[in-house]
Amino acid sequence: MTDQIKVLPLPLIALLGLVVFPNNGFSDDWYRWRGPNLDGLSVETEWRSDWPEGQVRIAWRIPIGIGFSSVVVSNQRAFTIGHVEGQDIVYAVNVNDGSIAWQFGYPAALDDRDFEGGPTSTPTVDGDRLFVFSRAGELFCLDIRTGDPIWKTSVAEEADVRLPGWGCAAAPMIVGDRVLLNIGEAGAAVNKATGKVLWSSDDREAGYATPVIIPDSEPAAAMFASGKSYIAVEIESGRQLWSQRWLTSFNCNAADPIFFDGRLFLSSGYNRGAALFDVSSSGVQQVWKSKEMKNQIHSSLLYQNYLYGIDGDMEAGARLRCMDWESGDVKWSQDDLRPGGLTIAGDRLIVLTESGDLIVAPATAKGWKPSSRCQIGEGKYRTSPVLSNGRVYCRSIQGELVCIDCRP
């Protein structure tokens with residue numbers, strides 16, 4: 001554990017001016033990884049889960065290629081990435097009927113070492129542009145209306161840093177005029193208008209989590225996962241401010257950190273476990289640690305002071321658990337569910353199992369009590385469902401994208 005470096009604070013107006021969100025940030029569009037508020041929670045409440053006799057309304061289903069890329073939604077289009085015959089294909093899908101508005105491909109290997117392969121990063125919408133980060137460390141800026149490329153930057157090459165063992169997996173994070181990327185030991189920043197690399201970090205292995213903006217930080221900062229630590233970095237300059245060492249097997253830190261009320265939650269799989277730290281003072285102080293929440297690939301969700309997360313390594317059969325934020329105590333555990341991904345909308349958990357069961361249950365520490373359940377497809381599912389404008393999007397690893405109409 002290392003102490004925070006003392007830094008001179010910037011005026012609050014500078015911090016606010018740096019963090020600029022798209023105009024649709026307060027709508028129901030799910031335009032970036034983990035949603036508008038970057039927490040995996042949807043504010044939507046007007047959606048149906050009272051499915052008669054276990055039958056949901058499937059609006060459409062389409063093939064999109066192998067991969068783990070999640071879905072983002074903006075202006076009546078859904079965007080994701082899949083691998084098809086030597087290319088990763090970026091799809092823009094009309095949400096009303098599932099028709100393809102456009103697609104853009106770039107050469108890519110399936111790279112299926114130890115897993116099914118395909119793209120693992122999720123696109124990011126910013127205004128009229130779509131940002132796509134490949135496993136090979138290439139950043140593409142596309143016109144969101146047509147799919148035409150505006151610019152491309154081979155960030156790994158320009159920054160002269162290695163790729164993590166399974167390629168780049170983090171989503172691009174837009175902050176003001178720059179794109180933050182998890183590559184190198186402590187990330188890199190690219191000018192979003194031109195693709196120019198503004199700063200980069202040392203040639204050491206990155207983790208797989210998406211950069212997370214640190215709330216109320218002065219200077220404005222984001223946290224990057226490396227293979228061995230979680231590192232706080234000044235957004236403007238790339239200067240490293242403080243870090244928390246976090247060692248795992250295979251240097252695999254994939255779950256996004258969670259900041260809340262002056263505290264930091266970290267969790268990783270491979271028997272690493274979780275810990276809560278107080279980061280509100282001049283140093284990083286551990287509050288508790290536990291082996292009872294091991295987030296291998298999915299970040300936990302914090303809702304009303306409880307963590308809902310997938311505990312354990314996916315291949316071994318993970319569990320769905322509810323944990324107290326303050327103490328780390330497990331409130332309940334569903335050990336035979338084999339969850340593949342989850343989100344929360346309003347006060348309801350939406351869980352997608354590995355086998356394609358979509359389950360809705362109250363998000364409560366009182367226990368797991370499903371209210372609705374339906375099989376939505378075949379194959380294996382390890383991407384969290386996305387709720388946007390009353391539609392739920394579920395994607396299988398094998399490449400079927402399903403849209404479920406849950407509008408009233």
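What follows is a short chat about a predicted model, with strand 16 as its main topic.

Me: What should I keep in mind about numbering and confidence here?
Reply: Residues are numbered from 1 along each chain as its sequence is written, and side-chain values use heavy atoms, with hydrogens and water left out. Because this is a predicted model, local features need pLDDT of at least 70 and side-chain atom pairs count only at pLDDT 80 or more, while totals for chains, interfaces and linings use all residues.

Me: How many helices and strands are in the protein?
Reply: The protein has 2 helices and 33 strands, where helices (H or I, at least four residues) and strands (E, at least two) are DSSP runs numbered from the N terminus.

Me: Is strand 16 mostly covered or open?
Reply: Strand 16, residues 221-225, is mostly covered, with 5 of its 5 residues buried, buried being under 20% relative accessible area with a 1.4 Å probe and protein chains only.

Me: Which residues sit on each side?
Reply: Ala-221, Met-223 and Ala-225 are on one side and Ala-222 and Phe-224 on the other. In a regular strand the side chains alternate between the two faces of the sheet.

Me: And which strands does strand 16 pair with?
Reply: Strand 15 (residues 212-214) pairs with strand 16 in the antiparallel sense over 3 bridges, and strand 17 (residues 229-234) does so over 5 bridges; pairing requires that DSSP finds at least two bridges between two strands. Ile-214 stands opposite Ala-221, whereas Met-223 has Ala-232 as its bridge partner in strand 17.

Me: What about the hairpins, how many residues lie between the strands?
Reply: The hairpin of strand 15 and strand 16 has 6 residues between the strands, and Asp-216 takes a positive phi near 60° there, while strand 16 and strand 17 form a hairpin with 3 residues between them.

How values were computed
Buried means under 20% relative accessible area, exposed over 50%, partly exposed in between (1.4 Å probe, protein chains only).
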